[in-house]
Amino acid sequence: MNEIKPLLEALIFVSPTPLGLKKIMEVVEDSFPKKEIEAALALLIKEYENPERGLYLQEVADGFQFRTKPRFSEWIKRLKKVTPARLSRAALETLAIVAYKQPVTRGEMEHLRGVEVDGIVRTLLEKNLIRIVGRKEIPGRPILYGTTQHFLELFELKNLSALPSLEEIKALNADLSENEADSTIQADE
Amino acid sequence: MDYNVKLDIFEGPLDLLIHLIRKNEMDIYDIPIAVITEQYLEYLELMKELNINIAGNFLVMAATLIHIKSRMLLPRPPEDEEEEDPRMELTRPLLEYLQLKEAAEQLKLRPLLFRDVFTRDFLAKEMEEKEPGVIRVGLFELMDAVRKILLERKEEPFVALPSPLVPIENKMEEILLKLKQMGRILLDELLPAQVSRSALILAFLALLELAKQQKIVIYQEIQGGNILIYDFLPPATIT
């Protein structure tokens, strides 16, 4: 019997952050070939799709992680009593700009949104959703921002290319919701 | 005319324009510039009456609108058929803005961690496998550390030769290069490795300059603990 699948399950279970293939290879060394590991991961993902399971195995931030199925969110919130940290609409829009246009300067964000983003950028930095990635080689050498690993984890993205492309997003689809209310997103504090 | 004023607070001029375009069911590719300019200015008037502080960018947009309107009035020279519709100056940023708003909406629809889905909780201690919880270092902690290193340093007897002046930029580059290779540097490794007292001080000044330029960040494991230098942010930051 091949031990690789249950071993992977165990490794992912104890890993505090999404467990990458590279890390798995480091752990198992030559005990299992990479191909076998990949096949076992795919199988494991499939097995957890079973509705009998409360967890699913998700590839996120270039690693694998067990997450609770969304339909149990209300129950889990009762258990954990989390206080919601909010991302305002403005913050979410600014975050979208960074996600899609990175590396991007504050000036470029302000140009796109038509408003100052000073405070929002600071909030996003504090929430560890964006980070400084360098400086743009133009006069004044403004700081360039990009998204963090935590951003990928929060929005369940495998990597940045997992974002739907801007072309896919139909900007003018019939009715852009007029709902200007703040979205409630709980960022991990 | 009966006006029912419902004042939404618009974050910026683009939000206001989108509101007006939607309200009037205008075609974004064929914006009636005179109408929208008029309504936009009315709105600014209203904001003024209500004592709402009008941000400068609202005024810049007003000027842009009026400028476009005036250009629309000018007869266009026939040979200049190629010339772009002046309204594109408005349409383009609006489209781009709408696209990003939609992208933000899409983000919101994703299975969000701690809202829709949850992972196991790990104690903060476990979270950073190798990197312990770190705190930002103040200038005084940094100076204390440097003072300690300077005091501990035994000056080797040496013959003072006029040493060539190393520009601080070189030292900065050197530190950045080292960071790139090692990911992070301990202050206690970096400074004592310097050949002379003046080189040590130069390295310290280079660190300060790099921190000021936000090319590096300087953290401490625990209060009074080791001082670590990273390029950009360490994996987990406790502030």
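**Strands and sheets in chains A and B**

Good morning. Chain B contains nine helices and four strands, where helices (H or I, at least four residues) and strands (E, at least two) are DSSP runs numbered from the N terminus. This is a predicted model, in which local features need pLDDT of at least 70 and side-chain atom pairs count only at pLDDT 80 or more, while totals for chains, interfaces and linings use all residues. Residues are numbered from 1 along each chain as its sequence is written, chains are lettered from A and ligands numbered from 1 in the order in which they are written.

Let me stay with chain B. From the N terminus, its elements follow the order α-α-α-α-α-β-α-α-β-α-α-β-β. Of its 239 residues, 24% count as buried, that is, with 20 or more other C-beta atoms within 10 Å of their own, the C-beta atoms being placed from the backbone. Strand β3(B), residues 216-220, is largely enclosed by the rest of the structure, because five of its five residues are buried. On one side these are B:I216, B:I218 and B:Q220, and on the other B:V217 and B:Y219. In a regular strand, side chains alternate between the two faces of the sheet. β3(B) runs antiparallel to β4(B), residues 227-231, joined by five bridges; two strands pair if DSSP finds at least two bridges between them. B:Y219 has B:L228 as its bridge partner in β4(B).

I turn to chain A. Here three strands form an open, antiparallel sheet in the order β3-β5-β4. Its edge strands are β3 (104-105) and β4 (130-135) of chain A, each pairing on one side only. Five bridges link β4(A) to β5(A), residues 143-147, and A:I132 has A:Y145 as its bridge partner in β5(A).

Definitions and conventions:
A residue is buried if 20 or more other C-beta atoms lie within 10 Å of its own, exposed if 12 or fewer, and partly exposed in between; C-beta atoms are placed from the backbone.
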